[in-house]
Amino acid sequence: MEYYDRIKALREDNNLNQTAVARLLGTSQSYYSEYELGKRTLPIHHLKTLCAYYHVSADYILGLPRGMDWPR
């Protein structure tokens, strides 16, 4: 699962539409839609906002650790 799949799942699990999340991020629905489709890279400041809003870590959204030798 990629980060864009996770942000979509988080949005849907919280019964939100793309417009509501876009408003939270200060962007348009069409721009946010491109994050969920993987067509546009999610900026770090938006990642931080989503983490705080959904109460999850950046590692969760990014799918880390993945094949990392650490932490053990």
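**Reading the packing**

Modeller: Start with a pair of helices: α2 and α3 are roughly perpendicular to each other, a label for angles of 65 to 115 degrees, whereas under 35 is roughly parallel, over 145 roughly antiparallel and the rest oblique. This is a predicted model, in which local features need pLDDT of at least 70 and side-chain atom pairs pLDDT 80 or more, while totals for chains, interfaces and linings use all residues. Residues are numbered from 1 along each chain as its sequence is written, and side-chain values use heavy atoms, without hydrogens or water.

Biologist: What is the angle between α2 and α3, and how far apart are their axes?

Modeller: An axis is a line fitted to C-alpha atoms, for helices over the stretch in contact, and angles run from 0 to 180 degrees between N-to-C directions. Helices are DSSP runs of H or I, at least four residues, numbered from the N terminus. Helix α2 covers residues 18-25, and its axis lies 8 Å from that of α3, at an angle of about 100°.

Biologist: Which residues make the contact?

Modeller: Contact means heavy atoms within 4.5 Å. From α2 come Gln18, Thr19, Val21, Ala22 and Leu25, and from α3 come Gln29, Tyr32, Ser33, Tyr35 and Glu36. By class, that contact holds 5 nonpolar, 4 polar and 1 charged residues; Ala, Val, Leu, Ile, Met, Phe, Trp, Tyr, Cys and Pro count as nonpolar, Asp, Glu, Lys and Arg as charged, and the others, Gly among them, as polar.

Biologist: How do α1 and α3 cross?

Modeller: α1 (residues 3-13) and α3 (residues 29-36) have axes that come within 7 Å and cross at roughly 125°. That makes α1 oblique to α3. Tyr3, Tyr4, Ile7, Lys8 and Arg11 of α1 meet Tyr32, Tyr35 and Glu36 of α3. These residues divide into 5 nonpolar, no polar and 3 charged.

Biologist: Which residues of the largest nonpolar core touch the most other members?

Modeller: In soluble globular proteins, nonpolar side chains tend to be buried together. A nonpolar core is a set of buried Ala, Val, Leu, Ile, Met, Phe, Trp, Tyr and Cys residues joined through side-chain atoms within 4.5 Å. Buried means under 20% relative accessible area, exposed over 50%, and partly exposed in between, with a 1.4 Å probe and protein chains only. Here the largest core has 14 residues, and Ile7, Tyr32, Leu42, Leu50 and Ile61 touch the most other members. α1, α2, α3 and α4 (44-54) each supply at least two residues, and α4 gives the most, with 4 residues. Beyond its neighbours within four places in sequence, Ile7 contacts Tyr32, Tyr35, Glu36, Leu42, Leu50 and Ile61.

Biologist: How many aromatic pairs does the whole structure have?

Modeller: A pair of aromatic rings is described by the distance of the centres and the angle of the planes. Rings of Phe, Tyr and Trp (its six-membered ring) pair if their centres lie within 6.5 Å; planes under 30 degrees apart are stacked, over 60 edge-to-face and the rest tilted. The search finds 4 pairs. Tyr31 and Tyr35 have ring centres 5.8 Å apart and planes at 85°, so the pair is edge-to-face. Both lie in α3, 4 residues apart, about one turn of the helix.

Biologist: Is Tyr35 buried or exposed?

Modeller: Tyr35 is buried, with a relative accessible area of 2%, whereas Tyr31 is partly exposed at 34%. Together with Tyr32, Tyr31 and Tyr35 form one aromatic cluster.
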